[in-house]
Structures are given as structure tokens and as C-alpha cells.
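Reader: I'd like to go through a model with you, one feature at a time. Could you give me the general idea first and then the case at hand?

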Amino acid sequence: MAPALYTNIFEYEDGTPATTSQLAKDVSTFLRWAAEPDHDNRKRMGIKALSIFSILVLASWYYKRHKWSVLKSRKLAYWATSR
């Protein structure tokens, strides 16, 4: 069977040499992109979720330190009562 891709059948705008391996890589990249059309949207939503989650974690950490600092720094004294 004859090869499906030939060298120099395509010319890249940036001057990349159009070798058979480069063309095969481009075809496989396109097929992966075509198989998962929602990949870009999921990636964008994941980045947004991680950024919001990190902001919430930092806010809760700051609130915890502020709220518990009073309890951690107080001194407890127990008075013995005489009966």
C-alpha cells in the first residue's frame, strides 16, 4: 500500500519543514481535537474553578487565623476552691 503522507506536500507559513513525521503529528493532533470538541471549554472551566477554590482557601485560612488567634493566645487559670 502506498504511503498516505508524502514529504513536502504541504507548506507551513512559519517555515517548518513538511516532513512525513511532522504531517503525521499534525493529523493526529487534529483528530484528537476533533474527537474532544469540549476540551478547551473544560480546561477553561477547570482553571476558573481552581482559581476560585484557591481564593476561598486563602480566605478561610485567614479567617481561621483571625478567629482562633484569641483562643490560642489566652491563658487559662484554674482556681482551686476550698471546701
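Reader: Let's begin with a single side chain. Is E36 buried, partly exposed or exposed?

Author: This is a predicted model, so keep that in mind throughout. E36 has a relative accessible area of 28%, which makes it partly exposed, because buried would need a value under 20% and exposed one over 50%.

Reader: Which side chains meet E36 in a salt bridge?

Author: The general idea is that side chains of opposite charge can pair when their charged atoms come close. Here E36 meets R32 at 3.8 Å, N to O, and E36 also meets R42 at 3.2 Å, N to O.

Reader: How accessible is R32?

Author: R32 comes out as exposed, with 56% relative accessibility.

Reader: Now the aromatics. How do I read a pair of rings, and how many aromatic pairs are there here?

Author: You describe two such rings by the distance of their centres and the angle of their planes. In this model the count is 1 aromatic pair. F30 and W33 make it up, with 5.9 Å from centre to centre and 35° between the planes, and the arrangement is tilted. It goes down as tilted because stacked would need planes under 30 degrees apart and edge-to-face over 60.

Reader: Where do F30 and W33 sit relative to each other in helix α1?

Author: Helix α1 covers residues 20–35, and F30 and W33 are 3 residues apart in it, so about one helical turn separates them.

Reader: Which residues make the nonpolar surface patch?

Author: V27, F30, L31 and W33 make it, and its area is about 440 Å². Both members of the aromatic pair, F30 and W33, thus turn up again in the patch.

Reader: Let's step back to the whole chain. How many helices and strands are there?

Author: The protein chain has 2 helices and 0 strands. Helix α2 spans residues 39–73, and V57 is found in it. V57 has a relative accessible area of 38%, so it is partly exposed.

Reader: What does the radius of gyration say about the overall form?

Author: The idea is to set the value beside that of a compact globule. For 83 residues such a globule would come near 12 Å, but this protein chain has 31 Å. The box filled by the C-alpha atoms is roughly 105 × 25 × 20 Å along the principal axes.

Reader: How much of the chain counts as buried, and what does its exposed area consist of?

Author: Of the 83 residues, 4% count as buried. The chain exposes about 8400 Å², and carbon and sulfur atoms supply 64% of that.

Reader: Last one: which residue does the UniProt annotation "binding site" cover?

Author: According to the UniProt record, an unreviewed entry, the annotation covers M1. In the model, M1 lies in the segment before α1.

Technical notes:
Residues are numbered from 1 along each chain as its sequence is written. This is a predicted model: local features need pLDDT of at least 70, side-chain atom pairs count only at pLDDT 80 or more; totals for chains, interfaces and linings use all residues. Side-chain values use heavy atoms; hydrogens and water are left out. Rings of Phe, Tyr and Trp (its six-membered ring) pair if their centres lie within 6.5 Å; planes under 30 degrees apart count as stacked, over 60 as edge-to-face and the rest as tilted. Helices (H or I, at least four residues) and strands (E, at least two) are DSSP runs, numbered from the N terminus. Patches are made of residues with over 30% relative accessible area and no salt bridge: like charges are joined within 9 Å, nonpolar side chains (Val, Leu, Ile, Met, Phe, Trp, Tyr) within 5 Å. Accessible areas come from the Shrake-Rupley method with a 1.4 Å probe; for residues, only the protein chains shown count as cover. A salt bridge is a side-chain nitrogen of Lys or Arg within 4 Å of a carboxyl oxygen of Asp or Glu. UniProt positions are given in the numbering used here, feature names are shortened, and annotations may be inferred rather than shown by experiment. Buried means under 20% relative accessible area, exposed over 50%, partly exposed in between (1.4 Å probe, protein chains only). The radius of gyration is taken over C-alpha atoms; the globule rule is 2.2 Å times the number of residues to the power 0.38.
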